Amino acid sequence: MRSIIDIADLSVAELDELMDHAQQMIADPASVADLHAHHQLATLFFEPSTRTRLSFESAMYALGGSVVSMSSAANSSTSKGETLADTIRVVSNYVDVIAMRHFAEGSALVAARASGVPVINAGDGGHFHPTQTLADVLTIQRAHAQLGGQRIVVVGDLLYGRTVHSLVRCLARYEGNSFVFVSPQELRMPAGFLQRELASRGIPYEETSDFAGAIRGADVLYMTRIQRERFADIDTYHRLAGSFILTPKLMESASEEMIVLHPLPRVDEISPAVDADPRAKYFEETFNGKMMRMALIDFLVKDAQASPRKDPRPELEEACTLSDVSCTNRLCITQQERELQPLFIQHDESVRCAYCEAPVQAAVPVRA
Ligand code: NCD
């Protein structure tokens, strides 16, 4: 039994398989209309969402399945003090697969470790959002017939943008890709992430504030909004909002083949006048996202029928505790749920939280 916490939980071959299946379903939706008639999906959304939750639900109905849904943390027993792991243990006795969005980073891992059925991470704080990446890659594949050999320009909130983190991790696995990151200084890509995912593997990237220059060489322009809800201080948000706005004028300097993606919701970073440009693919992407979620649900439910439950991160058995150290990321699940044992992963010289991957200044590790 598999869960999808991170896009890297799927191999490149499995990603190809999902894209092929999605394309088949696009060509012939009736062929899968009863495929999961006896299966049920739970959508547990502890953080607001419209499109992602509706997209999962609509995907499950299109497979003939049914859905139970929780759309806000206020209605759940976590508001009575129940732990996330307990909530998941209960819900996994009702359904065949769970899609969960939660405000805490690392929450998807906690859920997947507690669950008796596959868990799909539909966004854990600013950490990861693998199913948005599935929508992104199918959109790139349909437009450019390949996922490698692309110059990918990523713009906006690169610090908190979970869709960005998942997308970069995914596309870094394909030959010939290079990345350009355009953001306000305060919202740059996390340095450790760049080092691990790109620099250490010799994948070319640059960081710049020259938005117009970056657009000129782009094959894929990935726009994101500044994530207002992740700021501790709202004045900083107001200062940074509106830093980079895509306009028809800027689109004039882009290549004819370049495509514009955006996970949505848009705030003001793409002028509505760009929508009519055939290179603007962000609304088509929402359709592709539904089709990829159908392919993923099918893949996970079949996998769970065929293979027994196992820990989604067996390597955590080897993770270490650190005496008197806890993760200092205020958005980490270990900060919200104090009874969770903090776990750390040591890699070369650096130590990271096993849940949210934030770097930790640490002394000598002690085995769990
Ligand atoms: C994104 C998310 O929730 O991270 N939206 C989505 O899933 N469609 C992007 C965002 O909220 O900015």
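How far does a polar side-chain atom of Arg 101 lie from an oxygen atom of the ligand? The distance is 3.1 Å. This is a predicted model, in which local features need pLDDT of at least 70, side-chain atom pairs count only at pLDDT 80 or more, and totals for chains, interfaces and linings use all residues. Residues are numbered from 1 along each chain as its sequence is written, and side-chain values use heavy atoms, with hydrogens and water left out.

**View 1. The shell around the ligand.** Residues around the ligand include Arg 51, Thr 52, Arg 162 and Thr 163; a residue is near if one of its heavy atoms lies within 4 Å. Helix H2 (51-62) and helix H6 (162-171) each supply at least two shell residues. Helices are DSSP runs (H or I, at least four residues) and strands are runs of E (at least two), numbered from the N terminus. The shell divides into three nonpolar, five polar and four charged residues.

View 2. An N or O atom in the side chain of Arg 225 is 2.6 Å from a ligand oxygen. Leu 264 places a backbone N or O atom 2.8 Å from a ligand nitrogen. Taken alone the ligand exposes 310 Å², and the protein buries 95% of that (Shrake-Rupley method, 1.4 Å probe).

**View 3. The four-stranded sheet.** This open sheet has the order S2-S1-S3-S4, with parallel pairing; strands pair if DSSP finds at least two bridges between them. Strand S2 (66-70) and strand S4 (119-124) are the edge strands. The twist averages 15 degrees from one strand to the next. Five bridges join strand S1 (residues 40-45) to strand S3 (residues 97-102). Leu 44 stands opposite Met 100 in S3. H2 lies across S1, S2, S3 and S4, at about 175 degrees to S1. Axes are lines fitted to C-alpha atoms, for helices over the stretch in contact, and angles run from 0 to 180 degrees between N-to-C directions.

**View 4. The five-stranded sheet.** Here the open sheet runs in the order S7-S6-S5-S8-S9, with parallel pairing. Strand S7 (205-208) and strand S9 (259-261) each have a single partner strand, so one side of each is left without a neighbour in the sheet. Four bridges pair strand S6 (residues 178-182) with S7. Val 182 stands opposite Thr 208 in S7. Helix H5 (residues 130-144) packs on the sheet, touching strand S8 (220-223) and S9; contact means heavy atoms within 4.5 Å.

Key. Polar contact = N/O pair within 3.5 Å; in protein donor to acceptor, adjacent residues only side chain to side chain. Nonpolar A, V, L, I, M, F, W, Y, C, P; charged D, E, K, R; others polar.
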